[in-house]
Amino acid sequence: MADRVATSDKSKSVREEALTYAYILLYIFLSSAQIFFNKWVLSSKQINFPYPLGLTLLHMIFSSVLCFLLTKVFKILKVEEGMTAEIYVTSVIPIGAMFAMTLWLGNTAYMYISVSFAQMLKAIMPVAVFILGVAAGLEVMSCRMFLIMSVISFGVLVASYGEIDVNWIGVVYQMGGVVGEALRLIFMEIFVKRKGLKLNPISVMYYVSPCSALCLLIPWIFLELPKLDASGPWRFQPLVLTLNSLCTFALNLSVFLVISHTSALTIRVAGVVKDWVVVLLSALLFADTKLTVLNLFGYGIAIAGVAAYNNHKLKREASKTSSDESQEAEKVPLVASTSMLHSKIGV
């Protein structure tokens with residue numbers, strides 16, 4: 001009987017582990033596919049949709065509608081409670097605005113630079129997050145972190161130097177997207193630490209997507225709508241754009257699945273793997289991608305720095321968790337002794 005139970009537990013553990021790996025692979029596949037899909041839609045003459053702002057706006061509208069249907073109509077997923085008007089105005093709106101900025105500028109960059117070079121520039125993200133975190137009082141400068149940031153920066157510089165065709169307009173757009181994403185992450189950390197409200201990715205998308213859509217709608221009206229009108233009748237492929245939007249939503253859902261079965265650090269590690277997959281595959285899929293040895297050498301240095309950064313964050317989070325648990329453990333005897341004292345004096 002005991003052997004049967006042990007075998008059953010072992011097979012269940014194997015199934016859960018296999019399912020976790022499946023979710024991670026799904027995230028890597030969808031994340032890579034979304035980047036290539038966006039690049040194709042924006043640059044393909046067959047699709048004829050060179051409007052990165054409009055594409056991002058479509059993603060956010062689609063996500064808003066689908067989140068509402070899944071959570072409020074069909075009730076398949078649940079939105080976590082605790083959101084107030086004050087939190088929405090002071091936290092969600094800034095996060096939504098930065099999210100819109102990140103997607104808009106990042107998608108625009110694909111029209112000027114190759115997918116692989118864009119991914120290499122994204123490796124500078126931890127540096128931007130750390131600098132802004134120090135400015136916001138969320139991070140503390142140390143020799144170790146300074147060394148890690150220097151390694152990442154040096155790697156990105158080497159990779160950029162190795163790029164054959166550098167389009168500085170695309171670089172500016174990509175770095176603007178990096179700054180926007182760094183600000184979004186900082187606002188998210190402030191949101192969690194100071195407001196004390198933790199939301200799963202679906203809840204975040206439910207609250208953030210409509211705000212991001214509104215932030216994108218205003219510049220779209222002035223920047224891209226006149227171009228659309230000037231180009232004549234709108235002739236797009238609704239099926240392709242719908243599939244592109246669905247892929248974006250599926251990617252966000254895969255993030256939810258991976259985090260719920262593993263941790264946020266797993267997403268970071270999977271993201272590093274995804275970046276390498278994108279860099280190497282883009283050389284095969286797109287004619288504008290020409291990788292050099294210097295490109296890959298510099299990117300390798302930057303990724304090593306990113307890995308060191310993730311390792312440092314993991315150790316700090318583990319130390320903080322153990323510290324919180326020890327504080328909770330110290331409170332238990334105090335409560336017990338107080339209860340005994342009350343019982344002795346007859347309270």
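## The largest cavity

Val92, Ile95, Met188, Phe191, Leu199, Val204, Tyr207 and Val208 line the largest cavity of this structure, which is a predicted model. The volume of the largest cavity is about 40 Å³, and the count of cavities of 30 Å³ or more comes to one.

Three helices, α3, α7 (168-195) and α8, each supply at least two residues of this lining, and α8 gives the most, with three residues. By residue class the lining of the largest cavity divides into eight nonpolar, no polar and no charged residues.

## Packing of α2 against α8

Helix α8 spans residues 201-223, and its axis comes within 8 Å of that of α2, with the two crossing at roughly 150 degrees. Because angles over 145 degrees count as roughly antiparallel, α2 is roughly antiparallel to α8. The crossing of these two helices is left-handed.

On the α2 side, the residues that meet α8 include Leu53, Leu57, Met60, Ile61 and Phe68, together with Ser63, Ser64 and Lys72; on the α8 side, the residues that meet α2 include Ile202, Met205, Tyr206, Leu216, Leu217, Trp220 and Leu223. Taken by class, the contact of α2 with α8 has 16 nonpolar, seven polar and one charged residues.

## Packing of α5 against α6

The axes of α5 (residues 125-135) and α6 (residues 143-161) come within 9 Å and cross at roughly 140 degrees, and these helices are therefore oblique to each other. Here too the handedness is defined, with α5 passing α6 in a left-handed crossing.

The contact is made by Pro126, Val127 and Phe130 in α5, which meet Met145, Met149, Ile152 and Ser153 in α6. The residues of the contact of α5 with α6 divide into six nonpolar, one polar and no charged.

## The second largest pocket

The second largest pocket has a volume of about 220 Å³, and its lining is formed by Pro50, Tyr51, Pro52, Leu53, Trp104, Thr108, Met111, Tyr112, Tyr173, Leu223, Glu224 and Lys227. The elements that give two or more residues to this lining are α2 (52-73) and α3 (85-109).

The residues of the lining of the second largest pocket divide into nine nonpolar, one polar and two charged. Leu53 and Leu223, which are among the lining residues of this pocket, are also among the residues through which α2 and α8 meet.

Conventions:
Residues numbered from 1 in each chain as written. Predicted model: local features only at pLDDT ≥ 70, side-chain atom pairs only at ≥ 80, totals over all residues. Heavy atoms only, no water. Axes fitted to C-alpha atoms, helices over the stretch in contact; angles between N-to-C directions. Helix = DSSP H or I, 4+ residues; strand = E, 2+ residues; numbered from the N terminus. Parallel < 35°, antiparallel > 145°, perpendicular 65-115°, else oblique. Left-handed = near helix turned anticlockwise from the far one by under 90°. Contact = heavy atoms within 4.5 Å. Nonpolar A, V, L, I, M, F, W, Y, C, P; charged D, E, K, R; others polar. 1 Å grid on protein atoms, 1.4 Å probe; cavity = no way out; pocket = protein on both sides within 12 Å on 5 of 7 lines; lining within 4 Å. Points joined across faces, edges and corners; volume = space filled by probe spheres on them.
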